[in-house]
Amino acid sequence: MKVKVGLIGPRRSQDGYGIGQFIARELLNYPLSDLTAIMGTTSSTLAQAVTDLNSNRDRSNKFKGSSYTIKQSREFFNNPKIDLIVICSPSETHEEYIRKALMDGKHVLVEKPLLHDPGIPFEERIQKAHSL
């Protein structure tokens with residue numbers, strides 16, 4: 001049985017940061033996962049992400065799932081075809097997306113540490129993580 005995955009942040013930002021496109025490619029290649037949906041900032045950045053994913057000449061499968069913008073986040077999180085949500089968006093969005101995913105009964109994988117904010121004391125970050 002394949003795990004149906006929804007990925008947030010499927011492309012690199014303008015400044016070159018982000019590993020969402022690489023994780024998406026791995027999910028497409030892994031035989032036990034099905035990259036069912038992606039969510040990004042705008043329709044144009046999503047179209048670019050899909051083009052980038054599907055233009056690679058490696059042996060990856062092509063992305064044929066659904067694309068959602070942030071404005072369609074409710075539909076993304078409510079999608080019954082998604083079992084696991086992988087979060088590759090900027091750090092400041094992680095808490096909100098984790099909370100939404102968990103409230104909708106999804107499993108969650110975050111690609112970098114939760115609440116990575118040096119301005120918040122470590123103990124407070126731990127308390128926020130426990131509250132999730």
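**Salt bridges, a helix and its strands**

Let me begin with the side chains of Lys100 and Glu96, which meet in a salt bridge, with 3.0 Å from N to O. This is a predicted model, and I will keep to what its atoms show. Both Lys100 and Glu96 belong to helix α4, where they are four residues apart, or about one turn of the helix. Lys100 counts as partly exposed at 23% relative accessibility, and Glu96 is partly exposed too, with a relative accessible area of 42%.

How many salt bridges are there by this rule? The count comes to three, and another of them joins the side chains of Glu95 and Arg99, at 3.2 Å from N to O. Because Glu95 and Arg99 are four residues apart in helix α4, about one helical turn separates them.

Arg74 and Asp104 also meet through their side chains in a salt bridge, again with 3.2 Å from N to O. This pair links distant parts of the chain, since Arg74 sits in helix α3 and Asp104 in the loop between α4 and β5, 30 residues apart.

Turning now to helix α1, its buried residues are Gly20, Gln21, Ala24, Arg25, Leu27 and Leu28. They cover an arc of only 160° around the axis, and therefore lie on the same side of α1. What covers these buried residues includes β1, β2, α2 and β4.

Finally, β2 is mostly covered, with seven of its eight residues buried. β2 runs parallel to β1, joined by six bridges, and pairs with β3 in the parallel sense over four bridges. Within β2, Met39 stands opposite Ile8, and Met39 also stands opposite Tyr68 in β3.

Conventions. Residues numbered from 1 in each chain as written. Predicted model: local features only at pLDDT ≥ 70, side-chain atom pairs only at ≥ 80, totals over all residues. Heavy atoms only, no water. Buried < 20%, exposed > 50% of the residue type's maximum accessible area, 1.4 Å probe, protein only. Helix = DSSP H or I, 4+ residues; strand = E, 2+ residues; numbered from the N terminus. Arc of directions from axis to C-beta. Contact = heavy atoms within 4.5 Å. Pairing = 2+ DSSP bridges. Salt bridge = Lys/Arg side-chain N within 4 Å of Asp/Glu carboxyl O.
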